[in-house]
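Let's take a look at this one together, starting with a sheet and ending with a ligand.

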Amino acid sequence: MNMTTLAPELSLVRNDIDRIFDLQKSNQFNTGSSTASERIAKLKKLKVAINDSFNQEIKEAVFKDLRKHETEVQLSEILPVVGAINFAISNLRQWMRDKPVKTPISLFGFSHKIKQEAKGVVLIIAPWNFPVNLSLMPLVSAIAAGNAIVVKPSENTPNSSKVIKKIISTIYQENEVAVIEGGVEETTLLLNKPFNHIFFTGSPAIGKIVMKAASNYLASVSLELGGKNPTVIDSTADVKKAAARIAWSKSVNNGQICIAPDYVFVHADKKDEFVQAYKSQLKNMFGNDVSQSDSYGRIVNKKHFNRLNSVLTDALEQGADLTLGGERDEYQNFFAPTILSNVPHGAKIWEEEIFGPILPLKTFEDLNEVIEYINKDEKPLACYLYSTSNKNIKAFSNKTRSGALAINYSATHYTNPNLPFGGSNNSGIGKANGYFGFKAFSNAKAIQRHWFFFDSLKLIYPPYNDSKSKLASLLTKWFA
Ligand code: NAD
């Protein structure tokens, strides 16, 4: 973008960004040196806001953006953030405490410790699929770590973005936390500022743009990305339970979840049982006509509806079988839960993350074929294996690589704050949640102190001579 010829509205945004960035830069040592009690007080304000004062407004906003049932909003947008706040409040004193480390004997006279120092002024860029959750979960970690923070929610969920801005401007000063709304142009302006850390959640393609921008001023990055999450049901699995769990995790938020099962490899003997159980679970959750269920959400916008429509049409044109669903209504962005079988190699659906309720099925006889197939692709954010065979679980775990591996459930591992959350390479860089989120927004600073009484290092100061050469050899032999 040519920064000298900005449209008038963008010029205003740029002025706002410059002003907020300067305010936060001047305030960063206040937030950075805040005590655990002060940070906890900030987190409590956020908890009260989302649980009480703005709870209804959040539900209405997310309903307008994604037609999500208010119970689902409570479960998937509010509860995880409240959980993250409670977890941070319980653990923050321990996370912030300086950690003494051992000092080698060769450094006699020194002591050493690690201090978790705030990174400074940080930027959080959020996606639209869990617009509140994915803006506020990283915010909890960034506040816990003592940073000044700018949050950029997604332009694709404008109602949620507005309510996030309203909450934050009500409970925080701009010099501690501020929201800049907007899309590509506004984010590009933000990316021109020398933030100390950028926490980005979104697609791998945009993650690369963010990482490139960060390299201009060597900001550290957390990239929480997506990809295809392979799901495997072997011959030893409880297929009915597997199908029910997969149907649930592929339908919540209309399949627009970064950790939703992307495609399923089912053992050839179990395919029919799987399809029947999947159908029956859908009926339990959404009744006979899913389009009439108020528990079933919608695709976020026309662009994403058209994207899904195009991968489905392409697969069918290339000879795939429509095993279930396929109904859609472009006027409502409604897309029914859909299963495809026998999708030929080369169909578009195998190339990109589906991010919607279409589930391609593949059958297999030998788990090694599945492992080989998965390893040809980029490392997934999550792999799911449904199995009761320890041998298969061990083989799968040792021979595949991914951000997470979950056995016998899908899309729930992120709810344990004791686990790191994030991908590996194409599915992400860095980890989020709990202590891992706190660490992402902190610099582990090495602190060394000398106590003056005996300076052992003087023994190796120049000028060098034979005895110092001998000492150097001894040190290398015994103390290195
Ligand atoms: P996206 O990458 O299109 O957008 C994410 C953010 O980047 C938005 O705030 C957007 O405004 C901004 N953006 C878009 N284009 C930009 C550009 N050219 N320059 C600068 N900023 C830009 O992602 P999305 O469509 O909002 O979300 C879906 C993706 O996010 C999926 O790939 C999904 O797997 C991933 N995701 C990952 C996680 C995770 O925790 N790993 C969670 C949710 C979603």
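Predicted model: local features only at pLDDT ≥ 70, side-chain atom pairs only at ≥ 80, totals over all residues.

Zoom out and you get an open sheet of six strands, ordered E5-E4-E3-E6-E7-E17, with mixed pairing. Its edges are strand E5 (177–179) and strand E17 (428–429), each of which pairs on one side only.

Two helices pack on the sheet. Helix H1 (residues 8–32) touches strand E3 (121–125), strand E4 (148–152) and E5, and its direction makes about 140° with that of E4. Helix H6 (residues 158–171) touches E4 and E5, with its direction at about 155° to that of E5.

Now for the ligand. Which residues come nearest? Of the 25 residues around the ligand, that's Ala-126, Glu-155, Ser-203, Leu-225 and Glu-353.

| Residue | Protein atom | Ligand atom | Distance |
|---|---|---|---|
| Ala-126 | polar backbone atom | oxygen | 2.7 Å |
| Ser-203 | polar side-chain atom | oxygen | 2.7 Å |
| Leu-225 | polar backbone atom | nitrogen | 2.7 Å |

How much of the ligand does the protein bury? On its own the ligand exposes 850 Å², and the protein buries 91% of that.

Technical notes: Residues numbered from 1 in each chain as written. Heavy atoms only, no water. Pairing = 2+ DSSP bridges. Helix = DSSP H or I, 4+ residues; strand = E, 2+ residues; numbered from the N terminus. Contact = heavy atoms within 4.5 Å. Axes fitted to C-alpha atoms, helices over the stretch in contact; angles between N-to-C directions. Near = heavy atom within 4 Å. Polar contact = N/O pair within 3.5 Å; in protein donor to acceptor, adjacent residues only side chain to side chain. Areas by Shrake-Rupley, 256 points an atom, 1.4 Å probe, with all protein chains shown as cover.
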